[in-house]
Amino acid sequence: MAIDFTLAPEHEEIRLRVREFVQGTIIPAVARPEDEEHALSRRDYLATIIGLREQAKALGLWLPHMPKEWGGMGLGHVELAMVQAEAGKTRVGPWVLNCMAPDEGNMHTLLHWGNDDQKERYLRPLCDGTVMSCFAMTEPEVAGSDPTLIRTHAEKDGDEWIINGHKWFISNARRSQFAILIARTELDVPEGSSGATTAFIVDIPSQGWNDVREVETMHGSTGHSEIVIEDLRVKDEQILGGRGNGHRLGQARLGPARLAHCMRWIAQAETALDMMVDRSIHRYSHGSTLAEKQGVQWMIADSAMELYQCKLMVLHTAYKIDRGDDFRTEVSMTKHFVANSLNRIIDRAIQVHGALGYSTDTPLASMLQHARWARLADGADEIHQMRIAERTIAAYKDSGTTSSATGALPI
Ligand SMILES: Cc1cc2nc3c(=O)[nH]c(=O)nc-3n(C[C@H](O)[C@H](O)[C@H](O)COP(=O)(O)OP(=O)(O)OC[C@H]3O[C@@H](n4cnc5c(N)ncnc54)[C@H](O)[C@@H]3O)c2cc1C
């Protein structure tokens, strides 16, 4: 019987080392700035993070998602799930291990689509942790849910391209030394065609790349930039993955990147459930603790069941990626389910905490603010539902059963 959920001893050892580093070193080191955002200067805070990153490197807990030849831990996606789920117990954990979005997705993209020169120039320093990057696809004027509508366009001029356009919500742009930018190059291709766009690597700063503001969001100003692109010139060799492949590259990038988000969201959901239970066993009302109230037990039980489903879905999708199977339906189902479970579980934890949950004395309010974007970015709920339904209907039409669209499991 090949189904086995135990980890190999060497992977269990890694998981425990990551847990120890996150719980024993990272969380205590960043506790103050996270709790009292303005108590420490940004400079001190960054120095702390940089110091932690050096420690992670020295401990061999660096780049869990990258192959060993690039300085990574050489883990498969199943093992990565447990590392990300440990690192995600604090928001800076993935930064310290250098496996955070959007750099993590960009590293995969450069590894698989970059030529040797691009890998040395952009991937190498990203892996070393000496530069940061961003991914620029979404535009305010057209629906980000349909990237074939992209209007930012690049016109060929000799061995250069002149790019004009407008992007927004470009995470990490202000900290980045380069961007992977998606622009329309095939102007004669009809709107809606997936072959109309090309990915370019853009050095930052570059003349014509204008970071006009950081968009203020419901969790504050967090580094999601609006970029106005005016007559930005890039060379032919800055094309990544070949002309006309922008859509394909973007979609390929998003698959594992969505799953990596889910791995980190599991950590946040588990923290919320832990807090819910802890509060319920210590709070007393109407003759018993909250944990003894059926209404509270239902919230705990629903959350535990959902978190269990989240973990199984993440592990199964990771397993499919590792095997080289088609995982598109599974990653859509997982991303949708984990994002919604995360929101529900944090919301229930707030409910059980009462006024304290609504306050900023606990991390729950901030966690809910951050969790909300999970349902609309990297594929909104409805887009994933649309794709899941399409593939389920197609499976039935092809084979007379929907079985292959529900994980293709042997039951
Ligand atoms: C915190 C955060 C970080 C981000 N980081 C980046 C980044 O680094 N780089 C980048 O390029 N982008 C980034 N984005 C943008 C993100 O990818 C887009 O928000 C997302 O693709 C949705 O596009 P949109 O906002 O234009 O919404 P729209 O496409 O306008 O959709 C709005 C809503 O309409 C509904 N909808 C849309 N299409 C359909 C449909 N076909 N059927 C049914 N309902 C539909 C959905 O409910 C959807 O939420 C980020 C967004 C956030 C919030």
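This is a predicted model: local features need pLDDT of at least 70, side-chain atom pairs count only at pLDDT 80 or more; totals for chains, interfaces and linings use all residues.
1. Let's start with the layout. The domain assignment divides the chain into domain 1 (9-100), domain 2 (133-240) and domain 3 (248-405). Keep these bounds in mind, as the points below refer back to them.

2. Next, have a look at the second largest pocket, whose volume is about 1,300 Å³. Its lining is made up of 39 residues, and those nearest the centre are F5, K311, L312, L315 and H316.

3. Why does this pocket lie between domain 1 and domain 3? Both domain 1 (9-100) and domain 3 (248-405) contribute residues to the lining, so the second largest pocket sits between them.

4. At least two lining residues come from each of helix 1 (9-35), helix 3 (77-87), helix 7 (246-282), helix 8 (294-323) and helix 9 (328-353). Helix 8 gives the most, with 10 residues.

5. Now turn to domain 2 and domain 3, whose C-alpha centres are 30 Å apart. In their contact, domain 2 provides 10 residues and domain 3 provides 10 residues. About 800 Å² is buried between the two, with 73% of that area coming from carbon and sulfur atoms. On the domain 2 side, F135, M218 and H219 lose the most area to domain 3, together accounting for 60% of what that side buries. The count of salt bridges between domain 2 and domain 3 is zero.

Methods:
Residues are numbered from 1 along each chain as its sequence is written. Side-chain values use heavy atoms; hydrogens and water are left out. On a 1 Å grid over the protein atoms alone, a cavity is a set of points where a 1.4 Å probe fits but cannot get out, and a pocket is an open set with protein on both sides within 12 Å along at least five of seven lines; lining residues have an atom within 4 Å of a point. Grid points are joined across faces, edges and corners, and a volume is the space filled by probe spheres set on the points. Helices (H or I, at least four residues) and strands (E, at least two) are DSSP runs, numbered from the N terminus. Domain bounds come from an automatic or database domain assignment. Contact means heavy atoms within 4.5 Å. Buried area is the accessible area (1.4 Å probe) that two parts lose on being put together, summed over both. A salt bridge is a side-chain nitrogen of Lys or Arg within 4 Å of a carboxyl oxygen of Asp or Glu.
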